[in-house]
Amino acid sequence: MPTQSREIRLARHPEGEPALDDFSFASVEVPNPGPGEVLVWNVCMSVDPYMRGRMNESISYVPPFQIDKPMEGGAVGRVVVSNEEKLPAGTFVQSFCGWREAFVAPASSLQTVDTTLASPSTYLGLLGVTGLTAWVGLFSIARLKDGETVFISGGAGGVGTAACQLARMHRCRVVASAGTEAKVAFLRDELHVDYVFNYRDGETLEHLKKGAPDGIQVYFDNTGGPQLEAALSVLTNYGRVALCGGISGYNHPVAGPRNLSAAIGKRLRLEGFIVSDHMQERSAFLAEAIPALQSGKLKNCETVVEGLDVAPAALIELLHSGAGNIGKMIVELSD
């Protein structure tokens with residue numbers, strides 16, 4: 001049984017872009033699990049853009065990380081010691097106890113995952129909260145209908161790649177943006193997105209007019225900023241916007257759209273959402289996603305880095321405007 005676990009802590013609140021000095025490492029004793037508890041060794045963990053907001057001192061929709069306290073995030077691990085017969089040793093479980101090697105938790109707080117169906121990391125990506133976020137944003141918030149045209153900004157990220165694929169499964173025309181030529185090529189050649197552009201190459205509005213000459217009915221917003229402004233210009237009457245993220249302003253605030261008044265004349269609906277409010281939809285999502293993954297209609301897109309030590313750098317890279325990752329950012333840990 002492991003007796004020591006390394007964990008990553010928040011060392012200070014960053015100003016602007018995070019730096020490695022904003023993180024620290026610590027080794028802690030792993031207690032013996034009590035009645036109904038299990039000891040879990042993480043095998044992989046999630047790195048997500050929303051974590052930048054939790055590094056600030058201000059309170060948002062989730063509590064901020066505390067200085068000199070372990071950070072948190074999605075993780076999949078293996079039960080190594082169990083005091084609960086429903087979760088025997090060897091079971092793979094999903095938790096929110098990432099950014100550490102090992103932890104003890106009540107068995108009732110963990111969710112089992114079937115690694116015969118998909119790899120552990122898939123449950124942090126396509127079959128996890130990432131995929132569910134895309135599904136909820138498209139179909140519950142934006143109410144995307146088969147055959148409509150949708151623009152997805154940040155299309156090469158974890159949520160973006162899932163959203164692009166789910167929309168195409170529903171016979172929609174998909175327009176997507178990305179920040180590097182490699183990401184553009186991936187979306188075009190691997191995910192067969194109908195029109196992809198590099199938002200650094202020319203004006204987003206001109207790309208949208210070219211990729212969707214008849215306008216768009218839905219905008220799935222992962223970026224905010226100029227791309228939201230451009231989308232408002234090409235949305236058709238009664239268009240819908242799912243406000244999922246605003247990564248363009250996570251490190252430095254950006255101005256809101258100058259043409260927000262377009263929402264009045266076009267009778268647009270803009271709705272922000274947090275996926276944790278929609279966990280009851282997980283079963284319906286998996287009923288569609290699992291067969292599609294098994295048949296090859298959906299791909300789990302991910303970028304994997306190795307070792308707890310690289311997690312802070314992975315988060316910094318993810319938040320960088322020229323990040324090279326495609327799909328979900330995953331940190332694999334030694335099992």
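Visitor: Let's start with a tyrosine: is tyrosine 238 buried or exposed?

Guide: Tyrosine 238 is exposed, with a relative accessible area of 52%. The cut-offs go like this: buried means under 20% relative accessible area, exposed means over 50%, and partly exposed is in between, using a 1.4 Å probe and protein chains only. Bear in mind that this is a predicted model, where local features need pLDDT of at least 70 and side-chain atom pairs count only at pLDDT 80 or more, while totals for chains, interfaces and linings use all residues. Residues are numbered from 1 along each chain as its sequence is written, and side-chain values use heavy atoms, with hydrogens and water left out.

Visitor: Where is tyrosine 238 placed, and what is phi there?

Guide: Here's the general idea: most residues other than glycine have a negative phi. Tyrosine 238 has a positive one, near 65°, and it belongs to strand E12, residues 235-243. The element names are DSSP runs numbered from the N terminus: helices are H or I with at least four residues, and strands are E with at least two.

Visitor: What is the phi of histidine 192, and where does that residue lie?

Guide: Histidine 192 isn't a glycine either, yet its phi is positive, about 60°. Look for it in the loop between helix H4 (181-189) and strand E10 (195-198). With 46% relative accessibility, histidine 192 counts as partly exposed.

Visitor: How do I read helix packing, and at what angle do H2 and H3 pack?

Guide: Axes are lines fitted to C-alpha atoms, for helices over the stretch in contact, and the angles run from 0 to 180 degrees between N-to-C directions. Under 35 degrees counts as roughly parallel, over 145 as roughly antiparallel, 65 to 115 as roughly perpendicular, and the rest as oblique. Helix H2 (residues 129-141) and helix H3 (residues 158-169) pack at about 50°, with axes 8 Å apart, so H2 and H3 are oblique to each other.

Visitor: Which hand does the crossing of H2 and H3 have, and which residues meet there?

Guide: A crossing is left-handed if the near helix is turned anticlockwise from the far one by less than a right angle, and right-handed if clockwise. For H2 and H3 it is right-handed. Contact means heavy atoms within 4.5 Å; by that rule H2 residues including Trp135, Leu138 and Phe139 meet H3 residues including Val159, Ala162 and Leu166. By class, the H2 contact with H3 has nine nonpolar, four polar and no charged residues. For the classes, Ala, Val, Leu, Ile, Met, Phe, Trp, Tyr, Cys and Pro count as nonpolar, Asp, Glu, Lys and Arg as charged, and the others, Gly among them, as polar.

Visitor: And how do H2 and H8 pack?

Guide: H2 and helix H8 (residues 282-295) pack at about 100°, with axes 10 Å apart, so they are roughly perpendicular to each other. Gly131, Leu132 and Trp135 of H2 make the contact with Arg282, Ala284, Phe285 and Glu288 of H8. The classes here are four nonpolar, one polar and two charged.

Visitor: How many residues of H6 are buried?

Guide: Eight of the 10 residues in helix H6 (residues 225-234) are buried; among them are Gln227, Leu228 and Glu229. Helix H5 (residues 204-211) has an axis that comes within 9 Å of the H6 axis, crossing at roughly 40°, and that makes H5 oblique to H6. In H5, Thr204, Leu205, Leu208 and Lys209 meet Gln227, Ala230, Ala231, Ser233 and Val234 of H6.

Visitor: How many disulfides does the count give?

Guide: A disulfide is a pair of cysteine sulfur atoms within 2.5 Å, and by this rule the count is zero. Cysteine 244 is in no disulfide; its nearest cysteine sulfur, in cysteine 164, is 12 Å away. Cysteine 301 has its closest cysteine sulfur, also in cysteine 164, at 9.2 Å, which is too far for a bond. Cysteine 244 is partly exposed at 24% relative accessible area, whereas cysteine 301 counts as buried at 9%.

Visitor: Which residues does phenylalanine 273 touch?

Guide: Not counting residues up to four places away in sequence, the list includes Thr133, Val136, Phe220 and Cys244. Phenylalanine 273 sits in the loop between strand E13 (269-272) and H8, and it is buried, at 8% relative accessible area. Its C-alpha is 9.0 Å from that of glycine 245, although the two are 28 residues apart along the chain.
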